Amino acid sequence: MSVPVRAWARVLDNRPAARDTHWIELDCPAIAGAARPGQFVMLGTGVQDLAAPFLPRPFSIGTRTADGRLGFLLRVFGDGTRRLAEMGPPESMLVLGPLGRPFRMSGDRPLLCLAGGVGLAPFLFAGAQARLEGLELRIVYGERSGESVFDPDLIRRITGVEPDLRTEDGTVGRRGLVLDHLDLQDAPQLLACGPDPMLRACVDLAARRGLPLQVSVEEHMGCGVGTCQGCVVRSADGEWIKSCTEGPVFDAEELSWQT
Ligand SMILES: Cc1cc2nc3c(=O)[nH]c(=O)nc-3n(C[C@H](O)[C@H](O)[C@H](O)COP(=O)(O)OP(=O)(O)OC[C@H]3O[C@@H](n4cnc5c(N)ncnc54)[C@H](O)[C@@H]3O)c2cc1C
Ligand code: FES
């Protein structure tokens, strides 16, 4: 795994991408070249700005380009994401990455990406990488409502894949949850990223159908590099493990899913 780099990165673009959601591009060749799908970076404003977010926040790498651009899907939840969402050219963000364990992507079985909300971000990168490597990949992507759906044209352009959309209120795509109406006939390997209840449902589904499942967990993170202990999850054998360094991607059976 490559050594993480800390760098100031110019904001090249920041545009609204859905309700409370921004597509942000940074100029960061030092990190773009080394990144793998499923890895993340810590994004912050550095210590010259003592207003929130004083601590950086973790974001999945959504895209990277040959000329060193990184793309992020950023949804506003609290003060930290609000501040980052306000930044634009010519400002710079302090970026640390690439961090964490990526998805294992092999051609053994087709890849089926299950994305809830901004859990879509790592699958943009995974889709682009699968296209490069000639791997078969599908994306099922769900949101509560159509106004939160990230532009399907952009998903198509980045990944070459037509996303299978779901919304809970049926305003875009099929009405329902990500795991409703799933086609599993090709016995895929499942990759999942989204809210905890969705990940738990994925674990049940994978166990019932005997399918391999990797999950990307989204714990709160203070440092991203294994020092603050802010991101621990319970392993299957009862140990607390750090999701920033041991994850964020885990085989489902590595973790405890007891409530
Ligand atoms: C590996 C990883 C990858 C991520 N990738 C993305 C991404 O690509 N795009 C994106 O928009 N977000 C992503 N996130 C989530 C993002 O980091 C959080 O939304 C952000 O840290 C919240 O910061 P804040 O200061 O705005 O909110 P805070 O003020 O810290 O919190 C606001 C509210 O959101 C809740 N909250 C904060 N963080 C989380 C969390 N991780 N899980 C559940 N609830 C939370 C808090 O409990 C609180 O209610 C990722 C998180 C991880 C760990
Ligand atoms: S985020 Fe600090 S130890 Fe994982």
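Seven strands make up an open sheet with antiparallel pairing, in the order 4-3-7-1-2-6-5. Its edges are strand 4 and strand 5, each of which pairs on one side only. The structure is a predicted model, in which local features need pLDDT of at least 70, side-chain atom pairs count only at pLDDT 80 or more, and totals for chains, interfaces and linings use all residues. Residues are numbered from 1 along each chain as its sequence is written, while chains are lettered from A and ligands numbered from 1 in the order in which they are written. Helices (H or I, at least four residues) and strands (E, at least two) are DSSP runs, numbered from the N terminus, and two strands pair if DSSP finds at least two bridges between them.

Strand 1 is joined to strand 2 (residues 21–27) by seven antiparallel bridges, with Pro 16 standing opposite His 22 of strand 2. The hairpin formed by these strands has two residues between them, and Asp 20 takes a positive phi near 55° there. Strand 1 also pairs with strand 7 (residues 92–99), in the antiparallel sense and over six bridges; here Trp 8 faces Leu 94 of strand 7. Strand 2, in turn, is linked to strand 6 by seven bridges, again antiparallel, and His 22 has Leu 74 as its bridge partner in strand 6.

A second open sheet contains seven strands in the order 11-10-9-8-12-13-16, and its pairing is mixed. Strand 11 (174–175) and strand 16 (249–251) are the edge strands, each pairing on one side only. Within this sheet, strand 8 (residues 111–116) and strand 12 (residues 189–193) run parallel and share five bridges, with Leu 114 opposite Ala 192 of strand 12.

Helix 3 (residues 121–133) lies across strands 8, 9 (137–143), 12 and 13 (213–216), at about 165° to strand 9. Axes are lines fitted to C-alpha atoms, for helices over the stretch in contact, and angles run from 0 to 180 degrees between N-to-C directions. The axis of helix 3 comes within 7 Å of that of helix 4 (residues 152–159), and the two cross at roughly 35°. Helix 3 contributes Leu 124, Gly 127, Ala 128 and Arg 131 to this contact, and helix 4 contributes Ile 155, Ile 158 and Thr 159. Residues are in contact if their C-beta atoms, placed from the backbone, lie within 7 Å.

The protein is divided into domain 1 (5–99) and domain 2 (111–218), with bounds from an automatic or database domain assignment. Their centres, taken over C-alpha atoms, are separated by 23 Å. Contacts join 14 residues of domain 1 to 16 residues of domain 2. On the domain 1 side, strand 1 (5–18), strand 5 (63–64) and strand 6 each supply at least two residues, and strand 6 gives the largest share, three residues.

Of the 22 residues around the ligand, Arg 57, Gly 78, Gly 80, Thr 81 and Ala 121 come nearest; a residue is near a molecule if its C-beta atom, placed from the backbone, lies within 6 Å of it. Strand 4 (57–60), strand 6 (69–75) and helix 2 (79–85) are the elements that give two or more residues to this shell.

Note on methods: Two residues are in contact if their C-beta atoms, placed from the backbone, lie within 7 Å.
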